[in-house]
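Visitor: Good morning. Could we go through this structure together, one point at a time?

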Amino acid sequence: MLDLARIRAITLDLDDTLWPIWPVIQRAENALTHWLSDHAPMTSALFANPHARHDIREHVIKTHPHLVHDLKAIRLEAIRLALYRAGENPLLAVPAFEVFFAERQRVVFYDDALPALVWLAQRYPLVSLSNGNADLERVGLAGHFKAAVSAAQCGFGKPDVRIFRIAADVAGVRPEEVLHVGDDASTDVLGALGAGMQTVWVNRTEEMWPYDHVHPHDTVSQLNELCDLLS
């Protein structure tokens with residue numbers, strides 16, 4: 001059960017908490033494929049092979065281990081390597097990536113997300129805390145958040161307790177004064193609990209809680225239920 005009196009700030013996951021992520025990624029992948037088919041057809045054909053695409057990504061991660069938490073940089077380097085392997089101009093990597101990244105920011109919010117954000121932002125400082133590469137400005141949410149903390153910025157991601165403590169510092173409070181809200185039982189809930197935060201698990205798909213030894217402070221299926229809990 002939440003201790004409401006202790007909550008002075010809220011950290012929020014983004015992907016699959018405020019919007020479904022895989023439809024976004026699929027649209028972005030399709031946009032990239034169409035662009036490459038016009039500007040670098042050999043690379044487009046290479047990316048059409050899932051085994052080749054996987055091999056390229058794994059090669060980038062292996063040769064650039066410092067980028068493992070920076071999905072934007074990994075994607076850019078993968079496009080650059082594919083262009084090189086296909087014998088096409090690697091300088092096309094930047095405009096190709098921008099096509100992907102622009103589409104990646106065109107998210108479709110869950111119906112409950114924006115009303116809940118408005119309500120929450122009027123009552124608490126909000127900090128986004130994500131392993132992904134959504135841009136609050138480009139998705140139209142910057143006005144609701146005090147700050148954004150990402151794995152790419154920090155060099156490590158959730159569930160590493162350090163990123164949660166950084167988010168608490170950014171919010172200007174202690175970790176035990178933070179409520180973290182997210183959809184992932186491991187990266188969000190276990191990570192936040194390890195950092196000493198209170199947690200709410202956003203379980204939109206009626207999954208069973210997977211751990212016996214530890215539980216979130218509360219569970220909701222939609223964010224309006226979170227507002228009800230905090231009222």
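Predicted model: local features only at pLDDT ≥ 70, side-chain atom pairs only at ≥ 80, totals over all residues.

Visitor: Which strand does Ser-150 lie in?

Guide: Ser-150 belongs to strand β3, which covers residues 147-150.

Visitor: And is Ser-150 buried or exposed?

Guide: Ser-150 has a relative accessible area of 14%, which is under 20%, so Ser-150 counts as buried.

Visitor: Let us change topic. How many salt bridges does a search of the whole structure find?

Guide: The search finds 14 salt bridges. One of them pairs Lys-158 with Asp-13, and their closest N and O atoms are 2.8 Å apart.

Visitor: Where in the chain do Lys-158 and Asp-13 sit?

Guide: They link distant parts of the chain, being 145 residues apart. Lys-158 is in the loop between α8 (151-154) and α9 (161-171), while Asp-13 is in the loop between β1 (9-12) and α1 (21-39). Both Lys-158 and Asp-13 are buried.

Visitor: What about Glu-103 and Arg-27?

Guide: Their side chains form a salt bridge, at 3.8 Å from N to O. This pair also links distant parts of the chain: Glu-103 lies in helix α5 (residues 93-104) and Arg-27 in helix α1, 76 residues apart.

Visitor: Why does Glu-103 count as buried, and how does Arg-27 count?

Guide: The cut-off for buried is under 20% relative accessible area, and Glu-103 is at 16%, so Glu-103 counts as buried. Arg-27 is at 29%, between the 20% and 50% limits, and therefore counts as partly exposed.

Visitor: Which residue does Glu-177 form a salt bridge with?

Guide: The partner of Glu-177 is Arg-174, with the closest N and O atoms 3.1 Å apart. Salt bridges with shared partners join Arg-8, Arg-174, Glu-176 and Glu-177 into one network. Glu-177 is buried at 9% relative accessibility, whereas Arg-174 is partly exposed at 47%.

Visitor: Now the whole chain, please. How many helices and strands are there?

Guide: The protein chain has eleven helices and six strands. Of its 231 residues, 46% count as buried.

Visitor: Finally, what is the accessible surface?

Guide: The accessible surface comes to about 11,200 Å², and 54% of this belongs to carbon and sulfur atoms.

Conventions:
Residues numbered from 1 in each chain as written. Heavy atoms only, no water. Helix = DSSP H or I, 4+ residues; strand = E, 2+ residues; numbered from the N terminus. Buried < 20%, exposed > 50% of the residue type's maximum accessible area, 1.4 Å probe, protein only. Areas by Shrake-Rupley, 256 points an atom, 1.4 Å probe, with all protein chains shown as cover. Salt bridge = Lys/Arg side-chain N within 4 Å of Asp/Glu carboxyl O.
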